[in-house]
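Please read them with the coordinates open beside you.

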Amino acid sequence: LLQTIPKSFLTAIFSANGIPITAQYDVKSYAVFYDTVTPDGLPTRASMAYVMPSGSSGPFPLVSYQHGTEFLTNKVASLKDGEYVLGLAFASVGYVVSMPDYLGMGSGSGMHPYVHSRSEATAAIDAIRAARVLSQKFGVNLNGQLFLIGYSQGGQATMALHKEIEAYHTNEFSITASAPMAGPYDMSGTMANIMTSDQPYGSPEFLPYTLFSYNYVYKICNSPSEFLKEPYATNLPPLFNGKNSGSYISSMMPSVPSQIFKPEFLNEFKSNQNHPFRIVLRANDLYNWTPIAPMRMYHCHSDTTVFYANSEVALASFHNRGATNILLIDPYPQGTHSSGSSYCFLAAFQWFETLKL
């Protein structure tokens, strides 16, 4: 048990955080350890937060909430940090909430496989299963509805989760609605072009985070020195130990992210469509499938961190493949990745409320 919070106090918390929600229920939250699998399919243990309305047996819908990029492994919901307050908000108005920390974060071991879509999805699915078991244990009835939501990396993880459920788990889960927000769905196109350009980028730390993650999962190179020039090949890898902030890592990098690459590596990547890193980026694109359950992608047009084109590419692909339940909504066109997030969350929340039984 992490906390039991009365609804009057929750409403004050939400007001202080700019969340226009009035709590209807007291809330209980728990830190949970659960079994899942590594990117290689081996057994491992991960952590999550389970957040539930208190004082009523329901029935309630279930929300799977996927968090955005974190470099600090302790800045997660199971430790009452990160985006934990949004789990409280959902629970306070009558949702049971599953909040996976992802592999390698919270109390999980090993490196976090950042933006690796398959392990984000499997970690979230096993967290949903754990939430169902706990709901039964606590006498909280679920009404069968399942909502998926997340922003930034969480948007990508939400899209991956939706895809995974509809590919492999329709006998176990039925998605009511999915709201991926501002996610990097086009890793091999939009994001790769940004990261290999000769232009400055506001969050250069995302590039090595992705490189080291994919090399960890796919074992492309034996050493960072094969693709990074000095001093970055030596100085950057130790920074990704879960104890350094993104802003600190950014301060150790050039403003043009591609300048960390060896020139010969960068040239080969740009000229070879079958470069090993390009192949694994394509493996993590999230638009080459046909969603069935209703999906609304929320993204602000002025986002210069995860460019709006990610959502445009995904929308065009989904529509071309015959998906009919997909919308792309810009709730605040001048919003940046940071300033637009609250508008996206509120719009998605309001949509969920119209569907909730």
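1. In which strand does V27 lie? This is a predicted model, and in it V27 belongs to strand β2. With a relative accessible area of 0%, V27 is buried, a value that falls under the 20% cut-off for that class. Leaving aside residues up to four places away in sequence, V27 touches Q3, T4, I5, L10, V51, M52, S54, L88, A91 and S92.

2. How many of the residues of strand β5 are buried? Strand β5 (residues 96-100) is mostly covered, with five of its five residues buried. The cover extends to both faces, since V96, S98 and P100 on one side and V97 and M99 on the other are all buried. On one flank, strand β3 (residues 43-54) pairs with β5 in the antiparallel sense over four bridges, and Y50 stands opposite S98 in β5. Strand β4 (residues 60-66), by contrast, pairs with β5 in the parallel sense over three bridges, with V96 in β5 as the bridge partner of L62. The chain passes from β4 through helix α2 (residues 84-92) to β5, and this β-α-β crossover is right-handed.

3. Strand β9 has a covered face, made by I326 and L328, and an uncovered one, made by L327 and I329. Strands β8 and β9 pair in the parallel sense over four bridges, and Y298 has I329 in β9 as its bridge partner. Together, β8, α11 and β9 make a right-handed β-α-β unit.

4. At what angle do the axes of helix α3 and helix α4 cross? The axes of helix α3 (residues 117-137) and helix α4 (residues 153-168) come within 8 Å and cross at roughly 70°, which makes α3 roughly perpendicular to α4. On the α3 side the contact involves S117, R118, E120, A121, T122, A124, I125 and I128, and these meet Q153, Q156, A157, A160, L161, E164, I165 and Y168 in α4. The residues of this contact divide into nine nonpolar, four polar and three charged.

5. The bond joining G58 and P59 is cis, with omega about 10°, and P59 lies in the loop between β3 and β4. The bond from E230 to P231 is likewise cis, with omega near 5°, and P231 is found in the loop between α6 (206-218) and α7 (232-235).

6. Which loops hold K80 and K219? K80, in the loop between β4 and α2, has a positive phi near 60° and is partly exposed, with a relative accessible area of 42%. K219, in the loop between α6 and α7, has a positive phi of about 55° although it is not a glycine. At 54% relative accessibility, K219 counts as exposed, because that class begins over 50%.

How values were computed. Residues numbered from 1 in each chain as written. Predicted model: local features only at pLDDT ≥ 70, side-chain atom pairs only at ≥ 80, totals over all residues. Heavy atoms only, no water. Axes fitted to C-alpha atoms, helices over the stretch in contact; angles between N-to-C directions. Helix = DSSP H or I, 4+ residues; strand = E, 2+ residues; numbered from the N terminus. Parallel < 35°, antiparallel > 145°, perpendicular 65-115°, else oblique. Contact = heavy atoms within 4.5 Å. Nonpolar A, V, L, I, M, F, W, Y, C, P; charged D, E, K, R; others polar. Buried < 20%, exposed > 50% of the residue type's maximum accessible area, 1.4 Å probe, protein only. Pairing = 2+ DSSP bridges. Right-handed = clockwise from strand over helix to strand, strands pointing away.
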